[in-house]
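Please look through the sequence and the model displayed here before reading on. The paragraphs after it are meant as a guided first visit.

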Amino acid sequence: MRTAPLAASLLAALAVAGTARAEGGTIAGKVEATPAKYLPETVVYLKSVPGSRPARTHQMDQRGMQFLPHVLPVTQGDTVKFLNHDHVAHNVYSPDGEGYNLGSFKEGEAASFVFKKTGVYTQLCSIHPEMLAYVFVGQNPFAAAVDAKGHYVIKDVPAGTWQLAVWNAHKLKAPDRSVTVAAGKKLEADFALKR
Ligand SMILES: [Cu+2]
C-alpha cells in the first residue's frame with residue numbers, strides 16, 4: 001500500500017519533466033473567415049505527430065453564465081476539469097463522440113472527464129441552453145484556438161514536416177498546408193476560411 005503514493009509522485013515528476021520538451025519550432029499566423037462572425041470558433045492544429053506524451057489536465061470554468069474558455073484544445077487522453085464559479089448550479093454534458101453527462105454541480109464544485117477519443121465535443125449545460133463551448137480533442141498537443149483577431153501560435157513543435165489543418169465550428173474550410181518546422185525557428189502560415 002505504500003507504493004501507491006510513491007507511484008503517484010513519480011508520475012507527477014514525469015509529467016513535469018515531460019513539459020520540458022526538446023527545442024522545437026513555432027508555427028504562427030492569422031486566420032480570416034468569411035463570414036467574419038464565424039471566426040472565433042476556430043482551431044489550427046497539426047493532424048498527426050508521432051510520439052507519446054504525458055496526459056495533461058485542463059480546466060474549463062463556468063463563470064458569468066458561460067463556459068471559459070469558449071474553445072479548448074486538448075489531446076486524446078487528457079482530462080478536463082469543469083469548474084463552477086457561479087452562484088447557480090450548472091450541468092456539463094455533450095451529445096458528441098462517446099458522449100458524457102457529468103450531472104449538475106454547484107458553485108465551488110467540479111467534475112472531470114477524460115477525453116479518450118479524438119473529435120470535437122460541443123460542451124453544453126442542460127440548465128442553461130444558451131451556454132455553449134467546444135472541446136477540441138486532437139491526436140497531439142500541437143493545436144491552438146484563434147484569438148478574437150484570428151491570430152494563433154503553436155509552440156514547441158517538433159522539427160519535421162507536418163500537415164497543418166483548420167477546424168471551424170461553422171464548417172468553414174481551408175485547404176490543409178504542409179509545413180516544415182525547424183528547431184528554434186518560427187514559420188508563418190495564414191488561412192482564409194470560407195464555405
Ligand atoms: Cu449552466
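Predicted model: local features only at pLDDT ≥ 70, side-chain atom pairs only at ≥ 80, totals over all residues.

Residues are numbered from 1 along each chain as its sequence is written. The pLDDT, which is the predictor's confidence in each residue on a scale from 0 to 100, averages 91 over the protein, and 89% of the residues score at least 70. Residues 10-21 are a stretch where pLDDT stays under 50. For these residues the model has five contacts beyond four places in sequence; two residues are in contact if their C-beta atoms, placed from the backbone, lie within 7 Å.

Helices (H or I, at least four residues) and strands (E, at least two) are DSSP runs, numbered from the N terminus. Of the contacts between residues at least 6 apart in sequence, 62% join residues at least 24 apart. Among the 195 residues of the protein, 29% count as buried. A residue is called buried if 20 or more other C-beta atoms lie within 10 Å of its own, exposed if 12 or fewer do, and partly exposed in between, with C-beta atoms placed from the backbone.

Residue Y45 stands opposite A143 of β12.

Another open sheet has four strands in the order β4-β3-β6-β9, and here the pairing is mixed. The edge strands are β4 and β9 (110-114), each of which pairs on one side only. The twist in this sheet averages 25 degrees from one strand to the next. Strand β6 (residues 79-83) runs antiparallel to β9, and five bridges join the two. The bridge partner of T79 in β9 is V114.

The nonpolar core comes next. Such a core is a set of buried Ala, Val, Leu, Ile, Met, Phe, Trp, Tyr and Cys residues joined through C-beta atoms within 7 Å. The largest one has 42 residues, and those with the most contacts inside it are V31, V44, V135 and F136. Strand β11 (residues 132-138) gives the most to this core, namely five residues. At least three residues of the core come from each of domain 1 (22-51 + 141-195) and domain 2 (54-139), the domain bounds being taken from an automatic or database domain assignment. Not counting residues up to four places away in sequence, V31 touches L39, T42, V44, V146, G150, Y152, V166, F191 and L193.

Several residues deserve a look at their backbone. A cis peptide bond, with omega about 0 degrees, joins T34 and P35, and P35 lies in the loop between β1 (25-33) and β2. Another cis peptide bond joins L68 and P69, again with omega about 0 degrees. The loop between β4 (66-68) and β5 (71-75) holds P69.

Positive phi values also occur at residues other than glycine. Residue M65 has a phi of about 65 degrees and is placed in the loop between β3 (57-63) and β4. M65 counts as exposed because 12 other C-beta atoms lie within 10 Å. In D156, phi is near 55 degrees, and this residue belongs to strand β13 (residues 151-157). D156 has 14 C-beta neighbours inside 10 Å and therefore counts as partly exposed.

Which residues does E188 contact, leaving aside its neighbours within four places in sequence? They are A28 and G29. E188 itself is found in strand β16 (residues 186-188). Its C-alpha atom is separated by 5.1 Å from that of G29, although E188 and G29 are 159 residues apart along the chain. With 10 other C-beta atoms within 10 Å, E188 is exposed.

Note on methods. Pairing = 2+ DSSP bridges. Axes fitted to C-alpha atoms, helices over the stretch in contact; angles between N-to-C directions.
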